[in-house]
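Take a look at the chain below. Follow it slowly, one piece at a time.

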Amino acid sequence: MCAESTAELLELLESENRHARAVAAIKLGQGKVAEALPRLRKLADDKDDIIALAGMYACWKLGEDRVSIERVITAVSSEDEEVVQQAVQTVTAFGDFLIPKLVPLINQSPELTTDIVNLLELVGGPGALDVIKSINTDDPEVVELINEIIHDWDHDTPGELN
């Protein structure tokens, strides 16, 4: 695939094709194209989760936090497999950046704690594991999830996916 010019990527942000819009946003963010930021901000609020996630990522790459944890949780839990895959890739790309956003949401409800634990597992790394291990809850389903994640994490071998 040939590399698109900035002008072509900016034009693709208006495409009817959701994937073309998302890819253009991601490439503009990765390319640090600051002139795209006003348009990328709008994409971060798009009604289409794939476009919104790409917009959030692109804004983040350009130094602006447009991440909506609620939107990310909804996307990861979507019935649309494409949305779930985009959400997983986005959360993984954000990595440790998400941890401070997730910590204050822990223990607000068992359902939200479950969502946060699952996001932390996607983030991966020692920081996420430390937060998971520090969660103190009496909810048996959350405790079971935490124990399962910790067990799996401790038994993964290098290069193996969590």
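The paragraphs that follow start with the core and then turn to one helix. Keep in mind that this is a predicted model.

Begin inside. The largest nonpolar core has 55 residues. Those with the most contacts inside it are Leu 13, Leu 28, Leu 40, Leu 98, Ile 116 and Leu 120. Which helix gives the most to this core? Helix α4, residues 49-61, does, with nine residues.

Now pick out Ile 116. Leave aside its neighbours within four places in sequence. Ile 116 is then in contact with Ile 73, Leu 102, Leu 105 and Ile 106.

Next comes helix α6, residues 81-94. At 1.5 Å a residue, its 14 residues should span 20 Å.

Which residues of α6 are buried? They are Val 83, Val 84, Gln 86, Ala 87, Thr 90, Val 91 and Phe 94. These residues cover an arc of only 165 degrees around the axis, so they sit on the same side of α6. Glu 81 and Gln 89, on the other side of α6, are exposed.

What covers the buried residues? The cover includes α2 (18-30), α4, α5 (69-76) and α8 (110-123).

Asp 80 caps the N-terminal end. One of its side-chain oxygens lies 2.9 Å from the backbone nitrogen of Glu 82. After α6 comes Gly 95. The phi of Gly 95 is positive, near 55 degrees.

Conventions: Residues are numbered from 1 along each chain as its sequence is written. This is a predicted model: local features need pLDDT of at least 70, side-chain atom pairs count only at pLDDT 80 or more; totals for chains, interfaces and linings use all residues. Side-chain values use heavy atoms; hydrogens and water are left out. A nonpolar core is a set of buried Ala, Val, Leu, Ile, Met, Phe, Trp, Tyr and Cys residues joined through side-chain atoms within 4.5 Å. Buried means under 20% relative accessible area, exposed over 50%, partly exposed in between (1.4 Å probe, protein chains only). Helices (H or I, at least four residues) and strands (E, at least two) are DSSP runs, numbered from the N terminus. Contact means heavy atoms within 4.5 Å. The expected span of a helix is 1.5 Å times one less than its number of residues. The arc is that of the directions from the helix axis to the C-beta atoms. A polar contact is a pair of N or O atoms within 3.5 Å; within protein, one must be able to donate a hydrogen and the other to accept it, and residues adjacent in sequence count only if both atoms are side-chain atoms.
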